[in-house]
Amino acid sequence: MCSLFIKYLCTKYLNPIINDMKISHIEHLGIAVQSIEESLPFFKDVLGLECYATEVVEDQKVKTAFLKCGEVKLELLEPTSPESTIQKWLDKGNKGVHHVAFCIEDGVANALAEVSEKGVRLIDEKPRKGAENLNIAFLHPKSTCGILTELCEH
Ligand code: CMX
């Protein structure tokens, strides 16, 4: 009990990076689809959301389509190669929400250092460029309650 309390005090007062990360909002939900063309009618004609941009992200082997839903975006992700992580995920029988992206106010690099310090497994050790030229980094779903988590900044 006493050692737990000491550990708590050390963590709270001696660790300078604890709880520094600030999330402003959910930036987007990544939604995996086999075909953007076949999926868009649901989002456009049923939900009434507008697709305002499409983009191919070569290094992720995906084509993306963005729809705005209030402050949050939906990012439809279509694999462009059998080697795409999205194709592999779909091939395992998954579909729908693939990841949640949080907008970080004070830098993805700082946030990565902080969450790593807290024991979270990183997929990306440092920020890289994603769709819409955002700085992004992924956290492994095994240490994020099963939710593939993306941190991003504008
Ligand atoms: N959500 C939740 N869990 C997931 C997942 C997801 N989207 N993708 C994989 N997992 C789980 C699997 O279910 C598996 O769990 P079990 O071991 O219990 O079966 C585990 O993670 C490992 O998965 P895997 O199928 O063996 O696949 P890999 O380890 O090869 O890759 C991951 C998994 C998350 C590391 C990889 O998909 C990745 O690096 N993702 C980040 C990049 C990405 O998703 N890019 C596409 C979007 C690009 C963009 O938005 O621009």
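Reader: Which side chain has an N or O atom 2.6 Å from a nitrogen atom of the ligand?

Author: Two side chains are worth checking here. Tryptophan 89 has a side-chain N or O atom 3.4 Å from a ligand nitrogen. The 2.6 Å distance to a ligand nitrogen belongs to glutamine 60.

Reader: How many residues surround the ligand?

Author: The closest ones are Gln60, Lys92, His98, Lys142 and Gly146. Counting the whole shell, the number is 16.

Reader: Which element gives the largest share of that shell?

Author: Strand 4 (72-79), helix 3 and strand 5 (96-104) each supply at least two residues. The largest share is three residues, and they come from helix 3.

Reader: What kind of space does the ligand take?

Author: Look at the space where the ligand sits in the model. That space is the largest pocket.

Reader: Where is confidence lowest in the protein?

Author: Overall, the protein averages a pLDDT of 91, and 88% of the residues score at least 70. Helix 3 (residues 85-91) has the highest confidence, at 98. Where pLDDT is low, the predicted coordinates should not be read in detail. The lowest mean, 55, is found in helix 1 (residues 2-14).

Reader: How far apart in space are valine 120 and lysine 142, C-alpha to C-alpha?

Author: Valine 120 is in the loop between helix 4 (108-117) and strand 6 (128-129). Its contacts beyond four places away in sequence are Val115, Leu139, Ser143 and Thr144. Valine 120 and lysine 142 are 22 residues apart in sequence, and their C-alpha distance is 8.8 Å.

Methods: Residues numbered from 1 in each chain as written. Predicted model: local features only at pLDDT ≥ 70, side-chain atom pairs only at ≥ 80, totals over all residues. Heavy atoms only, no water. Helix = DSSP H or I, 4+ residues; strand = E, 2+ residues; numbered from the N terminus. Contact = heavy atoms within 4.5 Å. pLDDT = per-residue confidence, 0-100. Near = heavy atom within 4 Å. Polar contact = N/O pair within 3.5 Å; in protein donor to acceptor, adjacent residues only side chain to side chain. 1 Å grid on protein atoms, 1.4 Å probe; cavity = no way out; pocket = protein on both sides within 12 Å on 5 of 7 lines; lining within 4 Å. Sits in = over half its atoms within 2 Å of the grid points.
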